[in-house]
Amino acid sequence: MPRLTRTPNPPEPPRFEEDPDDVDLAQLGPGATLERARLRDADLTGARLRGVRLLDVAIERGNLANTAAPELAFRRVDIAGARLTGAQWTSGTIADTAFRDCRIDLATFAATTFERVLFDRCMLAQADFRDALLRSVVFDRCDLTEADLAGVRIDRCELRGCTLDGLAGIERLRGAAMPWPDVVGNAALLAAALGIRVLDEDEPKS
């Protein structure tokens with residue numbers, strides 16, 4: 001019987017029949033649907049976008065800091081070089097999406113479902129993933145310092161070359177995959193999560 005793979009499925013890229021036009025930001029608002037479009041150098045700082053839906057969209061650079069987008073729905077979205085500091089994208093679905101070279105510190109993704117998502121070289125310090133579902137998610141060379149994984153559920157997830165200092169809820173990574181050098185480099189954090197006490201070399205035997 002063939003062995004089932006536990007390798008994450010990669011995100012499917014946006015589908016464009018031709019180079020998409022840049023979007024007029026007036027089209028974006030609560031409940032808006034955006035399809036086959038490009039946002040380039042957009043400033044959406046502090047925008048309120050409840051229920052926004054993006055399908056086959058490319059976001060290049062721009063400022064999405066402090067955007068509030070509860071119950072969002074993303075499918076085949078590529079986000080590169082954008083600033084999402086303090087974004088509140090909660091209780092939504094983010095599928096077939098890649099975040100590349102993005103600053104996503106202090107963002108909140110509580111109760112969001114991620115499926116086939118890549119975080120590539122992203123700053124995720126103090127990001128809040130509480131009660132999120134991560135299915136086929138890869139964190140590649142990301143800074144997850146003091147991020148919060150409390151209540152997170154994972155399936156087929158990988159972390160490669162990531163900074164995990166002060167990560168809360170590290171025990172929720174049970175079942176994730178990491179390169180051996182990363183496991184060794186984070187041995188103290190993993191031991192603490194398992195309740196393992198490290199003996200001092202000079203400590204006498206009982």
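The structure is a predicted model, in which local features need pLDDT of at least 70 and side-chain atom pairs count only at pLDDT 80 or more, while totals for chains, interfaces and linings use all residues. Residues are numbered from 1 along each chain as its sequence is written, and side-chain values use heavy atoms, with hydrogens and water left out. The protein chain holds two helices and eight strands; helices (H or I, at least four residues) and strands (E, at least two) are DSSP runs, numbered from the N terminus.

**Overall fold**

- From the N terminus on, the order of elements is β-β-β-β-β-β-β-β-α-α.
- The radius of gyration of the protein chain is 19 Å, close to the 17 Å that the globule rule gives for 206 residues, so the chain is as compact as a globular protein of that length. The radius is taken over C-alpha atoms, and the globule rule is 2.2 Å times the number of residues to the power 0.38.
- The C-alpha trace spans about 70 × 45 × 25 Å along its principal axes.
- Of the 206 residues, 46% count as buried. Buried means under 20% relative accessible area, exposed over 50%, and partly exposed in between (1.4 Å probe, protein chains only).

**Strand β6 and its partners**

- Strand β6 covers residues 133–140, and seven of its eight residues are buried.
- β6 pairs with strand β5 (residues 113–120) in the parallel sense over seven bridges; two strands pair if DSSP finds at least two bridges between them. F119 has F139 of β6 as its bridge partner.
- Strand β7 (residues 153–155) runs parallel to β6 and is joined to it by three bridges. L134 has its bridge partner, I154, in β7.
- Strand β8 (residues 158–160) is also parallel to β6, again with three bridges. Here the bridge partner of F139 is L159.

**Cavities**

- The model has two cavities of 30 Å³ or more. On a 1 Å grid over the protein atoms alone, a cavity is a set of points where a 1.4 Å probe fits but cannot get out, and a pocket is an open set with protein on both sides within 12 Å along at least five of seven lines; lining residues have an atom within 4 Å of a point.
- The largest cavity has a volume of about 100 Å³. Grid points are joined across faces, edges and corners, and a volume is the space filled by probe spheres set on the points.
- Its lining comprises 13 residues, with L44, L49, L54, L64 and F74 nearest the centre. β1 (33–40) and β2 (53–60) each supply at least two residues of this lining.
- By class, the lining of the largest cavity has 13 nonpolar, no polar and no charged residues. Ala, Val, Leu, Ile, Met, Phe, Trp, Tyr, Cys and Pro count as nonpolar, Asp, Glu, Lys and Arg as charged, and the others, Gly among them, as polar.
- The second largest cavity holds about 50 Å³. L134, F139, L144, L149, L159, L167 and L173 line this cavity, giving seven nonpolar, no polar and no charged residues.

**Largest pocket**

- The pocket lining consists of I170, E171, L173, R174, A176, M178, L190, A193 and L194. Seven of these lining residues are nonpolar, none polar and two charged.

**Cysteines**

- The whole structure contains zero disulfides, a disulfide being a pair of cysteine sulfur atoms within 2.5 Å.
- C142 is in no disulfide, and the nearest cysteine sulfur, that of C122, is 4.8 Å away. C142 is buried at 2% relative accessibility.
- The sulfur of C162 lies 4.9 Å from the closest cysteine sulfur, in C142, which is too far for a bond. C162 is buried, with a relative accessible area of 12%.

**Loop between β5 and β6**

- A125 sits in this loop and is buried, with a relative accessible area of 16%. The C-alpha atoms of A125 and E18, 107 residues apart along the chain, are separated by 36 Å.
- R121, in the loop between β5 and β6, has a positive phi near 55° although it is a residue other than glycine. R121 is partly exposed at 41% relative accessibility.
- D131 is partly exposed, with a relative accessible area of 48%.
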